[in-house]
Amino acid sequence: MCHGDGDEVCRMSAQQLVLRQRAELVRTLCCGGTSEPLESVLDLLLSWGAFVWEDYLNVCGPGKTLCSRTRELLDLTYSKGDSACSSLLTAFSHVLPDAQKNNLNLGAFCAVQNAQETPLCATLTLLSDRRVLVAKLRNCVTEALDVLVQKGLLTSPECEEIQLPVYTASQQARRLLDLVKFKGEGVATVLLQFLQKIQITALPHATNEKCIIPASVTDYQKKLCSSISAQSHFLSTYSGTGKFSLDDIYTEGLLELGQTCSNTLVSLSLEDVVGAVGTLNVEADTVLVSGEAGSGKSTFLQRLHQLWARKTVLQNYLLLFPFSCRKLNTEHRELSLKELLFLHCCWPDGDQNELFQFLLDHPHMVLFTFDGLDEFKQTFADDQRHCCPTQPAKIPILFFNLLQGSLLKGVRKLVTSRTEAVPFTLRPYLCKEVLLKGFSPDGIDCFVKKHHSDPGVASRVLESLQSNTALLGLCHIPVFCWIVSKCYKELLGSSNTGPQTITDVYLMVLQHFFHHRTSKGKGLGKSWVQEHCRTIMALGKLALQGLEHSHYIFSETEMQNIGITEEDIGKGFLIQNQNILDSKHYEFLHLTIQCFFAALFITLHNDSNDIHTVAKLFQTQCRSTGCLGICQARKCDEPGTETSNFQITSMFVSGLLSQCHHSLLVQCCPIQALHKKCKQVVKCVSKGMHNHFKSIPRPVKDEKKSMHAMPDFVWLVKCIYEMQDSELAKNVMARLEADHLKLTYCNIGPLECTALAFVLQHLKGPVGLQLDSNSVGDVGVEQLLPCLHVCHSLYLRNNNITDEGIAKLVQKGVHCEAFKKIALFNNKLTDGCTQHFSYLLKTKQNFLSLRLGNNNITAAGAEQLAEGLRGSTSLQFLGLWGNKVADAGAEALAHALEDSRTLEWLRLNNNCITRTGVQYLVQALEKNSSVTSIWLRGNSLSKEEVEEFSTRESRLTF
């Protein structure tokens, strides 16, 4: 916050800072969904004497939510005055990780508090040393309770209440301290004597004990490694379409930490995913890897399994147990945790009891993985506690209690899911979330080259992608990259511009599979859909029924009842599930293939109820009722899996009903029926957009009207793009009255950028488009260019954009009259981008604001920007915070400032600038009256130099 607000922020008292940053402080303490940061702050306030015991009880009263307690803390501290607020800000500095403090101004109060007087009694020591005592106690609560019970100071019911499984280790420690304080001096003295013998442990997962591994465990590990290695040797995601060794085809996707209190996105390696990097909730054991359908989550997990089995990564985990949520759906028996592990993963040859006891005794040496939480039938719930690992229970109860830590606390759990299907109730039990964002441009090249052994074919496919940027944008999602590589003959043989939409790509898949399963020498004619209509409808009915019931694995009996034959199975869209061995079960090649066939069935099925079916498909927040019933209102606490699947299906329906596909589909469905369904889709999309626009709140007086887009907005935009209906886009945008569109943290990638540009280019007037913290990248920037003329401001912070993307953006931007502001904080920009921005500033004489903070711009880049500044008669704001311009860059900018008559502020925080560079800026300001402030915090200056320059020039902020 200190980087972006005025000088007055840094001159505020502690009390003023707490009031000014109230919303940010609440969000920071609550963003992890755990009360641990709040309770740690309270521990410090108690130990420093800023709070008394009654204050602590007021904040932590029963029945209050985390946000309510946090606000109570801020209110109480504010009422106590400046000294208490200073202690609060210091406590924040002690408790929060560095990444979470970036957006907070903690002032100059973050020094260690003065030591309190030595407590006169043991109960006061419990308060003054509270934070240290919690750290000591959380790993030995049971031992401490045993000592107190043996001495007759505590009862068994009191111990049981402290150790209820709903409490984390730290919460149990605090409850014990609270109880001991209430019991008095004698009990407190005994507890402190016990704790004097205990060495403090910084992290609950750390241990220095040397563990002796029994032979039965070693033998089981070898068997587990052998089994997992065999299962992960071949790429399993698209098995049935050709045998690919995972080593030969695996291509790394982009892994980043999910939304945190920091504005900076952090890239991760595969091993970092389950490591300590980015942990928000140290009391939780579950890591979530989320991404959209087809982003490579299952393949990522398969690669992790393979490398663990080879002892290449994660060797601190002795045992790894892989689970598939699809397979768990088929388990209807009540099982104990012990039975679940050995039945679903790997059966031990030796002593099960010794092996399981080792697992219970050493949970931090065990890793569980669960693939496809979004495909699990039951809603995640935390209201049914199950703590006994040997007591049988239904699978959902076991699963959910594992995730929340009631069962096997300390075992690390890694779960994959589509982002939009993650239930809110799960988030408090996550230690962190990792986003899998698909392929980078280099990743696409790598995957295509690995897929094609012939370098000539790979080169032609890549050339075709480069000439079709819409298709290139799709290929950032691995499943589309696989489709393009698989169907390269259809792609290269296309006489038109090639696939433009997701629907086009999946029709290409359909054509490819039917062509390769047709008799040799016999190609597909123009009526190929009609020739295979029976197969399409049978598979479509199976797909739709499955989606309606969150059903993804089908028995032979189910398929026979629908009329699916061996010949239909042989087409390749269904593959046999390898995890169920007692009988043959099948699943669609990929979830998106299942959604596509469901869409084909809805589109081609000719029935009087079809219009209602389409209408119900486009209802948001839906759940199933039965075949062709599709949707009904669902409770707000139910999962979003069905909604997500039907949204994918609805996009396919929109695309199939596009005018350009009517000639293909009319072979199986009357044109009148297609037109009716098309009109219904247009009506549903228009109504959905209109309802979204009506929800935009009225602007505050003197502020512009802003629309913060919800996920449904992006979905409806993609439906319009799939239809390729410019008239619909124009009519929808005519109703939008907003000056600013905010789509931060909306999983916007190149594919979504293509759809947004297709729709937003029809806006009535210019808007500010904010796409911070997404996955736009260089290809996404290029896809946005068609709507740049209706953007007066473009915010693209945290989007992995490089100099290449900037070159294309500037080339278009200089010709867009309305385009006046851009923000590119925390991308991958270097000095290479500055020549383009210099050209922009010299060419476009109405450009107002250029913000390039936290990139990799050096003195050479600053010199280029200085040249642009000299040629600009309009630039008012230039932000270069967190780069490396150094003294040479400061000198170049200072010389440009001497002649500038429009620049108002310049941000040069954290730029390795010394006294020499500041001297140049001071001299420039003597000749410049337009600049109101230059920020120079975090540079290489002594305290004396800061005081000297502050006295000489009031417009400098340090």
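**Strand pairing and helix packing in a predicted model**

Modeller: In this predicted model, strand β3 (residues 319-324) and strand β4 (residues 366-371) pair in the parallel sense over 6 bridges.

Colleague: Which residue in β4 is the bridge partner of Leu319?

Modeller: Leu319 has Val366 as its bridge partner in β4.

Colleague: And how many residues of β3 are buried?

Modeller: Strand β3 is mostly covered, with 5 of its 6 residues buried.

Colleague: Turning to the helices, at what angle do α36 and α38 pack?

Modeller: Helix α36 (residues 711-723) packs against helix α38 (residues 750-760) at about 75 degrees, and their axes are 9 Å apart. Angles of 65 to 115 degrees count as roughly perpendicular, and α36 and α38 are therefore roughly perpendicular to each other.

Colleague: Which residues meet there?

Modeller: From α36 come Phe713, Val714, Val717, Lys718, Ile720 and Tyr721. In α38, they meet Leu751, Glu752, Thr754, Ala755, Leu756, Phe758 and Val759. The residues of this contact divide into 10 nonpolar, 1 polar and 2 charged.

Colleague: What is the mean pLDDT of the chain?

Modeller: The chain has a mean pLDDT of 84, and 88% of its residues reach 70 or more. Over residues 1-9, however, the pLDDT is below 50, and this stretch has 28 contacts in the model beyond near neighbours in sequence. Residues 199-209 also have a pLDDT below 50, with 17 contacts beyond near neighbours in sequence.

Colleague: How should the coordinates be read where pLDDT is low?

Modeller: Where pLDDT is low, the predicted coordinates should not be read in detail.

Key
Residues are numbered from 1 along each chain as its sequence is written. This is a predicted model: local features need pLDDT of at least 70, side-chain atom pairs count only at pLDDT 80 or more; totals for chains, interfaces and linings use all residues. Side-chain values use heavy atoms; hydrogens and water are left out. pLDDT is the predictor's confidence in each residue, from 0 to 100. Contact means heavy atoms within 4.5 Å. Buried means under 20% relative accessible area, exposed over 50%, partly exposed in between (1.4 Å probe, protein chains only). Helices (H or I, at least four residues) and strands (E, at least two) are DSSP runs, numbered from the N terminus. Two strands pair if DSSP finds at least two bridges between them. Axes are lines fitted to C-alpha atoms, for helices over the stretch in contact, and angles run from 0 to 180 degrees between N-to-C directions. Angles under 35 degrees count as roughly parallel, over 145 as roughly antiparallel, 65 to 115 as roughly perpendicular and the rest as oblique. Ala, Val, Leu, Ile, Met, Phe, Trp, Tyr, Cys and Pro count as nonpolar, Asp, Glu, Lys and Arg as charged, and the others, Gly among them, as polar.
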